[in-house]
Amino acid sequence: MRTSNSASALGPVRRRVVASTVAAFLGLGVAFGSGLAAPAFAADPATLSGIILGVGSNETQRIVTWYSSADTAQQVQLAPTSSLVDGAFPASAVTFAASGAANIATSGGFNRHATLTGLKEDTGYSYRVGSDGNWSSAYAFKTQSFEGDYDFLFYGDPQIGSSGNVAKDQAGWVDTVNVSLAANPNAELLVSGGDQVETANTEAQWDAFLAPTQLKSYPWAATIGNHDVGGKAYEQHLYTPNTDRSAAYYSNGTPSSNTSGGDYWYIYKDTLFIDLNSNSYATAQGGGGDAAHLAYVTDVINQHGGEAKWKVLVYHHAIYSPADHAKDADNKIRRVDFSQKFSDLGVDLVLQGHDHSYSRSYLIKNGAKADATEQPGAADVYPGPGGVLYVTANSASGSKYYDITQPDNTGTSGAGNGADPLDAGKYWYNSVQNQEHVRSYVKVEVRNDKLVVQDLRSGTCAAPNAAVELAKSPCAETGQAVGSIVDKVTVHPYHGSGQDIQVNVPNAAPGEFGWTIDGYNGLVDLGTAVDHNGDYFEATGSINPIAVSDSRRSLAPWSISAGVGDFTDGTKTFSGSYLGWTPKVVTAGAGAKAGAAVGSAYDDGGQGLSVSRGLGYADQGHARGTAKLGADLDLKIPGSVDKGNYRTTLTITALSS
Ligand SMILES: [Fe+2]
């Protein structure tokens, strides 16, 4: 026997399907084609504004948020752009019902949002919001491959209104968005560093922030800054997925007050993003403070870290930064408690704002420089266990710049702001610091086995550059062109003490045997298990089908088998033997036959799927072709198992002779 593809030297081909039970993803919205749109109003008087495309729970989703002048039932209508005829949406367009509420008095009107789900990869979509007879203009976005490499862009503090001149701030912001997306048209996410506006509830500033038309086509991943927190406009304009709006994640502990807040997370193509409301500093202010954030990050990583290859944290208040806020008391505290935990949790990259200047840290481990020999401005860094890169973005709009400040004698680790032994002009924790009074943005290239982080100029001293135009910051540029690189670093991740073996399993070429997970390999979610009088819990579901292709002339036999480890939730666990299945041939071909049904250990005292079991196979002499194999899962666990959101990994093995 040999393994099923060209990487035979590596042993059996393994791919992973993650299964979970007891808790489900939030907010799935209205499914495609469900026809659940609210009844249309014959003459809906609503005026629709502020439409923005936001990030969803994963790459198959987007969230659209907007304002409405009237409290009417509304939807988002969506169709592949290729199906529109002369701009008209086809009858097959699907709708997603909007939710929302009344805005606070100073905003006026109402907010609406809807989650678009079930998006397909590599597809251009058009959408519009409103209701029958009163639709907005149509806007377009595209999805790209749901697997593999991608780029995202990170923008620091647009803070529209900060210069005192909203129009100039808007002009700089629009220009940075234009420049950055002209240079990176295939960027997949626009990630916020916080401070969208200067004054939390001033809608004229929000209008200016929302002015770039690209914000309707590229998903914005919102982050709350200290200038956004003092009102509800942030939440009204920027609905976010998987958001925990508990009191602990609000700076004053009161979500119902005229403040915005919440911590949230999403997974985008193998990257787990966790976005924190860093305005909640301390329990003394009423919120949960840093302890609550750390518990949140820990929980999310424990529950979802296994679904992604990278872990990226985003929050506003930079803890390693070079300018006005470098010595803030809250940052000194966080440089101790955040850093230790982020190292422990294996965070790869932390993106920050607030200090309106650019910095890239040395790799920081447990509150200290991880490697004393790392050189300033190193082009490549190797985090080892626990090393974390912290980046602070400069102003994306030019509305305000902070100048770099000087180190002091408070030490070169932990809360200290001492000088770098390798460059006394810098803080000990920063590899690169930059302030030219020029707009910039950060580009992150997510690659198979590296992250490439760059800071790129999106302007010069010339207008639009409000802080320079208004003589708040003198021109300090160094003659560098728009698009030039301020800094670039490649992060090469650590793979532990063992060896990671990676193998791509492509679609089978003629004359080969191959298999792949059919379509998007999303989570196999068994939902919430049903309690049977305290005796046992039961949950059911199906695996993502496995597509098998065999075009070999040998007509040799093949088989696919799979098994699971223990189900775990943090330190809680139960045996994978409680999972059974009934394999089936979903699409016949290639001589495929289904493997035998396996019961749960709860029923038969056997080993269930805790040992590898046959999903399907074909005998010698079978027909050539393709097949799809599926299996219905049946999980039956004793009533004594603790409550939790458990997860395990299904390891699939293919053999062919
Ligand atoms: Fe700011």
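This report describes an iron site, a helix and a group of paired strands in a predicted model.

## The iron site

In this predicted model, the iron ion is coordinated by four residues, namely Asp157 through OD, Gln159 through OE1, Asp195 through OD and His356 through NE2, at 2.1 to 2.3 Å. Along the chain these donors follow the spacing D-x1-Q-x35-D-x160-H. Gln159 is found in the loop between strand S12 (150–155) and helix H1 (166–183), while Asp195 is found in the loop between strand S13 (189–192) and helix H2 (203–209), so this pair ties together parts that lie 36 residues apart in sequence. Both Gln159 and Asp195 are buried.

The arrangement of the 4 donor atoms around the iron ion is irregular, because the angles they subtend range from 82 to 171 degrees.

## Helix H1

At the N-terminal end, H1 is capped by Asn165, which has a side-chain oxygen 3.1 Å from the backbone nitrogen of Ala167.

The buried residues in H1 are Asp169, Gly172, Trp173, Thr176, Val177, Val179, Ser180 and Leu181. What covers these buried residues includes S12, S13 and H2, together with strand S14 (220–221), strand S28 (440–447) and helix H6 (466–469).

## Strand S9 and its partners

Strand S9, which comprises residues 124–131, is mostly covered, with 7 of its 8 residues buried. Strand S5 (residues 75–80) runs antiparallel to S9 and is joined to S9 by 6 bridges, and within this pairing Pro80 has Tyr125 of S9 as its bridge partner.

S9 also pairs in the antiparallel sense with strand S11 (residues 139–142), over 4 bridges, where Gly124 has Lys142 of S11 as its bridge partner. A further antiparallel pairing, over 2 bridges, links S9 with strand S10 (residues 134–135), and here Ser131 stands opposite Asn134 in S10. S9 and S10 form a hairpin with 2 residues between them, and Gly133 in the turn has a positive phi of about 90 degrees.

Terms used
Residues numbered from 1 in each chain as written. Predicted model: local features only at pLDDT ≥ 70, side-chain atom pairs only at ≥ 80, totals over all residues. Heavy atoms only, no water. Donors = N, O, S within 2.8 Å, 3.2 Å for Na, K, Ca; no water. Tetrahedral: all angles 85-135°; square planar, octahedral: opposite > 155°, others 65-115°. Buried < 20%, exposed > 50% of the residue type's maximum accessible area, 1.4 Å probe, protein only. Contact = heavy atoms within 4.5 Å. Polar contact = N/O pair within 3.5 Å; in protein donor to acceptor, adjacent residues only side chain to side chain. Pairing = 2+ DSSP bridges.
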